[in-house]
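Biologist: Could you take me through this model? Please begin with the terms you rely on.

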Amino acid sequence: MSLEDDFNDVIAKAMRGLVVDVSALAEDSGIAADEIEALLGGAMDEAAVRAICPVLGLDAAALIALPGYHPERVALPGVRCIELPYRWGIVNAWEVELGGVRLLFDAGFGERDIMVGFSPAGIAALLITHSHEDHIGGMKALAAVGVRVISETEALAAGKFVFGPLELEAVDLSGHCTPATGYFVNGLGRQLLIAGDAIFAGSMGGCKSREAHERATSTLRAAFAKAAPDCVILPGHGPATTIKEELVYNPFRPRFAVGAGYVVNQKVLPER
Ligand SMILES: [Fe+2]
């Protein structure tokens with residue numbers, strides 16, 4: 001599975017989140033507007049990236065390395081990514097099973113897509129990360145066959161859930177969407193964070209305002225601070241990743257990371 005965003009998507013998201021247009025970015029970075037337009041069009045220019053990243057709060061080394069980045073594959077028995085169609089791309093739903101207890105996180109875009117190749121019988125609950133159309137499309141169809149639906153708001157209010165051997169903690173991940181909820185799942189070999197669109201491998205969900213962007217990075221920072229060191233992130237789009245890897249390789253890391261010095265797979269990115 002490829003990354004959700006290319007390096008130019010990340011630049012565009014950072015500009016949108018900080019409400020910085022091309023002319024303002026050109027003025028603040030000292031880079032010509034047409035060079036910024038070329039970057040946004042997908043032409044990598046490392047010197048230009050190094051100039052604009054401090055203005056956008058991005059990590060230049062991570063952004064330059066993004067085209068070659070892929071998070072390490074983690075074997076997760078009992079965890080299944082259900083890839084569902086969404087316009088020109090894919091949206092993930094995640095099924096987690098342990099000791100005969102099955103949970104589903106998010107429900108795709110199409111009303112019936114989730115029902116293809118997936119048996120809702122015996123699902124203890126459908127838990128929603130956020131109510132964007134590509135995450136709740138199958139919710140009504142699942143509810144109609146008796147699946148208990150737990151909304152992002154209900155989950156945050158409850159805080160914790162226990163489903164047999166699986167213990168869930170709901171955390172605020174609003175910003176990209178408000179409200180939005182992330183779910184720490186404990187009980188498997190590794191802790192999971194079902195993150196919705198709050199973070200992707202190498203990127204994060206887009207935000208429509210500076211306030212939303214600030215909220216997205218601050219809720220993410222708070223969630224990361226609560227996570228187990230080996231926590232695996234299961235995002236709404238793109239491949240699974242880990243908190244350790246995103247603290248190194250995610251270009252938005254200066255916005256949400258607390259401290260630095262993480263080394264993953266013996267690879268250390270050059271100093272910014
Ligand atoms: Fe979303």
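Modeller: A residue is called buried under 20% relative accessible area, exposed over 50%, and partly exposed in between, using a 1.4 Å probe and protein chains only. By that rule H130 is buried, with a relative accessible area of 1%. The model is predicted: local features need pLDDT of at least 70, side-chain atom pairs count only at pLDDT 80 or more, and totals for chains, interfaces and linings use all residues. Residues are numbered from 1 along each chain as its sequence is written, and side-chain values use heavy atoms, with hydrogens and water left out.

Biologist: Which residues coordinate the iron ion?

Modeller: The iron ion is coordinated by H130 through NE2, H132 through ND1, H176 through NE2 and D197 through OD, at 2.2 to 2.3 Å. Donors here are N, O and S atoms within 2.8 Å of the metal (3.2 Å for Na, K and Ca); water is not among the atoms, so sites may look incomplete.

Biologist: How are these donor residues spaced in sequence?

Modeller: The spacing is H-x1-H-x43-H-x20-D. H130, in the loop between β4 and α6 (133-136), and H176, in the loop between β7 (166-172) and β8 (181-186), are 46 residues apart, and the pair links distant parts of the chain. Helices (H or I, at least four residues) and strands (E, at least two) are DSSP runs, numbered from the N terminus.

Biologist: Why is the arrangement around the iron ion irregular?

Modeller: The four donor atoms subtend angles of 86 to 173°, which makes the arrangement irregular. Four donors count as tetrahedral if all angles lie between 85 and 135 degrees; four count as square planar and six as octahedral if opposite donors are over 155 degrees apart and all others between 65 and 115; anything else is irregular.

Biologist: How many cavities of 30 Å³ or more does a search of the whole structure find?

Modeller: The search finds one, and about 50 Å³ of space lies in the largest cavity. On a 1 Å grid over the protein atoms alone, a cavity is a set of points where a 1.4 Å probe fits but cannot get out, and a pocket is an open set with protein on both sides within 12 Å along at least five of seven lines; lining residues have an atom within 4 Å of a point. Grid points are joined across faces, edges and corners, and a volume is the space filled by probe spheres set on the points.

Biologist: Which residues line the largest cavity?

Modeller: Its lining includes H130, H176 and D197, along with T129, L173, A180, T181, A195, G196 and A198. By class, this lining has four nonpolar, five polar and one charged residues. Ala, Val, Leu, Ile, Met, Phe, Trp, Tyr, Cys and Pro count as nonpolar, Asp, Glu, Lys and Arg as charged, and the others, Gly among them, as polar.

Biologist: And the largest pocket: how many residues line it?

Modeller: The lining has 30 residues, of which E4, K13, Y86, D134 and H237 lie nearest the centre of the pocket. The elements giving two or more residues to this lining are α1 (7-18), β1 (79-86), β2 and α6. About 740 Å³ of space lies in the largest pocket, and its lining divides into nine nonpolar, ten polar and eleven charged residues.

Biologist: Turning to the sheets, in what order do the five strands of the open sheet run?

Modeller: The order is β1-β2-β3-β4-β5, with mixed pairing. Two strands pair if DSSP finds at least two bridges between them. The edge strands, β1 and β5 (149-150), each pair on one side only. Eight bridges join β1 to β2, which run antiparallel, and E83 stands opposite N92 in β2.

Biologist: Why is β3 largely enclosed?

Modeller: Five of the five residues of β3 (residues 101-105) are buried, so the strand is largely enclosed by the rest of the structure. Both faces are covered, with V101, L103 and F105 on one side and R102 and L104 on the other.

Biologist: Is D106 buried or exposed?

Modeller: D106 counts as buried, at 3% relative accessibility, and its place is in the loop between β3 and β4.
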